[in-house]
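Me: I am new to this one. Show it to me, and then let me ask what the words rest on.

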Amino acid sequence: MKKNLKSEFSTRQYMISRDFEIYYYSDKKIPTVSAHTHDYYEFYFFIDGHIIMHIDGKSFVPTPGTLIVIPPFLPHYAQLLDGEIAYRRFVFWVTKDFINTLSGVSEDYNYLPNKTTGDNFFIHKFTDIEFNTIQGKGFTLIDEVHSNRFGKDAKILLSVSDFIITVSRLVYENLNPNIVDSDSDSLYQSIIQYIETHIDEPLSLELIAQKLHVSKYHISHVFSETNGIPLHKYITKKRLDMCRDAILSGQDISIVAEAYGFADYSVFYRAFVKEYGISPKKYKDEILRNKS
């Protein structure tokens, strides 16, 4: 049975589930929703549309790729201006108790909720690449919630944890570009960091060696010894993972391939089929059918 990843909009402003709920909406018309509050956190991801967001007496127009974290009991509502462009967004509701449970494993789960301390809401703008990654994680979580597969509960817990930490990490690293880990001086960490920040640009062993001022033979040895696979295979896999997330969010296949560093579409096509066992077009068609 095909899973429908798009939710029908409801004016309900309370949770049915105990811990969290996540929705993907795409609407050209919605009922009027007045200012309201929740007793849980709302992570709102604006994808597209013409709206005005009203939060605690303040009004602003979000741009695509914007995250808004709204704490409990802060009045808010979105006003749809017109339906010329579908109003698309993710809404992630999560309770304080669930965040507290996760923070027993790592205090990092509290990073974004803590940004709203003092009844403040928090806004952050992601890059297109970052936001595609987030959308991919969101659709993966929704897909798992709607599934009936073995290990569903365990997989949901892993997926929701991954979703929260991925979003938190992207925000943290954007806001703290000069803070580095104690291991960041290692060559391996420097290689990974360079790849992560230049994944949409031409990458090669020779280029990375030149940028890091290290012998390409030394880089090749260190990377293979640490990661277990050659550098070029890691780069290809990383790009394919990001392309998959972008396709999962509905992006155009040819644009995705070029955006993530595949200059030749035929190379991208062969690599994608090898990695996922299906052509990019069939993969996208399947995903879009699930979202409609």
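Reply: Start with pairing: two strands pair if DSSP finds at least two bridges between them. Strands (E, at least two residues) and helices (H or I, at least four) are DSSP runs, numbered from the N terminus. This is a predicted model, where local features need pLDDT of at least 70, side-chain atom pairs count only at pLDDT 80 or more, and totals for chains, interfaces and linings use all residues. Residues are numbered from 1 along each chain as its sequence is written, and side-chain values use heavy atoms, with hydrogens and water left out.

Me: What makes β2 and β5 a pair?

Reply: Five bridges join β2 (residues 41-48) to β5 (residues 66-70). Pairing asks for at least two. The two strands run antiparallel, and E42 stands opposite I70 in β5.

Me: Which strands form the open sheet, and in what order?

Reply: The order is β1-β7-β2-β5-β8, with antiparallel pairing. β1 (20-27) and β8 (122-125) each have a single partner strand, so one side of each lacks a neighbour in the sheet. Neighbouring strands are turned by 15 degrees against each other on average, direction ignored.

Me: What packs on the sheet?

Reply: Helix α3 (residues 128-145) does, touching β1, β2, β5 and β7 (87-94). Contact means heavy atoms within 4.5 Å. The direction of α3 makes about 115 degrees with that of β1.

Me: Why are α5 and α7 called roughly perpendicular?

Reply: Axes are lines fitted to C-alpha atoms, for helices over the stretch in contact, and angles run from 0 to 180 degrees between N-to-C directions. The axes of α5 (residues 187-197) and α7 (residues 216-227) come within 10 Å and cross at roughly 95 degrees. Angles of 65 to 115 degrees count as roughly perpendicular. α5 and α7 are therefore roughly perpendicular to each other.

Me: Which residues meet there?

Reply: L187, Y188, I191 and I192 in α5 meet H218, I219, V222, F223, T226 and N227 in α7.

Terms used: Angles under 35 degrees count as roughly parallel, over 145 as roughly antiparallel, 65 to 115 as roughly perpendicular and the rest as oblique.
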